[in-house]
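Subject: Structure handover

Hello,

Here is the structure for your files. Please open it next to this message as you read.

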Amino acid sequence: MAAGGYTLDPGTRILLADLGVSHTNVLRRAGLPGDLFARAPVTVSREDFRRLWEGLVAESGDPALPLRVSEMQTAEAFSPPVFAALCSADLTQAARRLKTYKPLIGPIRLDVETGEEATTIACRWLDEQPAPAFALTELLFWVALARIGTRADVRPTAVVTIDPPLDQAPYLDALGVPISPGTRHAITFTAADAARPFLTASEVMWEQFEPSLRTRLAEIDADASTEDRVRAALLELLPAGRSSMREVGRSLAMSTRTLQRRLAEEGTSYQAVLASTREALARHYLRSANMSTGEVSFLLGYADRGSFYRAFHDWTGLTPERVRAGAA
């Protein structure tokens, strides 16, 4: 169950072995139980998952780790939702299916943008920020999926992430495009590549997988806290300048009175969740040197920079510039 955390499959240990990395050392660095990968699929907290990735990066010592992970992935090591995606007709359909079932893997949301010339897949995290290596691995996963499904050397036309790697050479060689800095994590393919038929397509297999996935998703929705659901809604509404309780309640099919009551039962309030979400996002965005304070203010749904400055000072006692300088 991935509500509020990340699901680890036994295949993770296979992947580490293929990478030539000691899973024992990785777990020790992360402060996690040594037998974690030997268990049935388990869910770890967001903080534990982040420490797991930091341990993996430190143990591997490889600046191109996300690229190696994507190249090592096989159908056998995929989690059930991803394996089911290989049953899709093409990459676009696989992305749309995973958009629905991605919560089974972790607190990540997908946005799939299709057009006549390109298909773009963007990842959004519901926690403060992902480890940079994990964020890039999530994007490169789509390259691996496309290549496994089509058995062709599919290459993206653009890859954008908030924290691009310093050494671009291995990525440029493998992908054909540089990893560009931006305000989000997204990868783009030509419409032709996104529509390449998957040789692994199987509607019969999908029909066998989907009922189980749908059941697991319903269980997660039932277990998710109201606070988590509000945070998820705010991530979608804030960039559009929508942050009222009424708008959030409408997106959750819940009255404002019910929303207030459920948050109170969890020991919090709507304004507290809104403020903590904005603060976490602000700190995350300020770590990206290519984003101006005005852009951060806009993405947080503030009408002007002055309102953002005052709110940020109330949260932290510091100015955005001071926090950015400290992060640098």
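First, the ground rules. This is a predicted model: local features need pLDDT of at least 70, side-chain atom pairs count only at pLDDT 80 or more, and totals for chains, interfaces and linings use all residues. Residues are numbered from 1 along each chain as its sequence is written, and side-chain values use heavy atoms, with hydrogens and water left out.

**Sheet.** Five strands form an open sheet in the order β3-β4-β7-β5-β6, with mixed pairing. Strands are DSSP runs of E, at least two residues; helices are runs of H or I, at least four; both are numbered from the N terminus. Two strands pair if DSSP finds at least two bridges between them. The edges are β3 (108-114) and β6 (179-181), each pairing on one side only. From one strand to the next, the twist averages 20 degrees (axes are lines fitted to C-alpha atoms, and angles run from 0 to 180 degrees between N-to-C directions). Strands β5 (158-161) and β7 (185-190) run antiparallel and are joined by three bridges. V160 sits opposite A186 in β7.

**Cores.** A nonpolar core is a set of buried Ala, Val, Leu, Ile, Met, Phe, Trp, Tyr and Cys residues joined through side-chain atoms within 4.5 Å. Buried means under 20% relative accessible area, exposed over 50%, partly exposed in between (1.4 Å probe, protein chains only). The largest core has 59 residues, and W142 and L145 have the most contacts inside it. Helix α7 (132-150) gives the largest share of this core, twelve residues. Another core lies apart from it, with 30 residues, among them V273, M291, L300 and V323.

**Helix α4.** In α4 (65-72), the buried residues are L65, P66, L67, V69 and S70. Their cover includes α1 (11-19), α3 (46-60), α7 and α8 (169-175). Contact means heavy atoms within 4.5 Å.

**Single residues.** H23 is in helix α2 (23-30). H23 counts as buried because its relative accessible area is 18%. Beyond its neighbours within four places in sequence, H23 contacts R13, L16, G34 and F37. E279 lies in helix α14 (270-286). Its relative accessible area is 21%, so E279 is partly exposed. Residues up to four places away aside, E279 touches W315 and T316.

**Cysteines.** There are zero disulfides (pairs of cysteine sulfur atoms within 2.5 Å). C87 is buried at 4% relative accessible area. C123 is also buried, at 4%.

Best wishes
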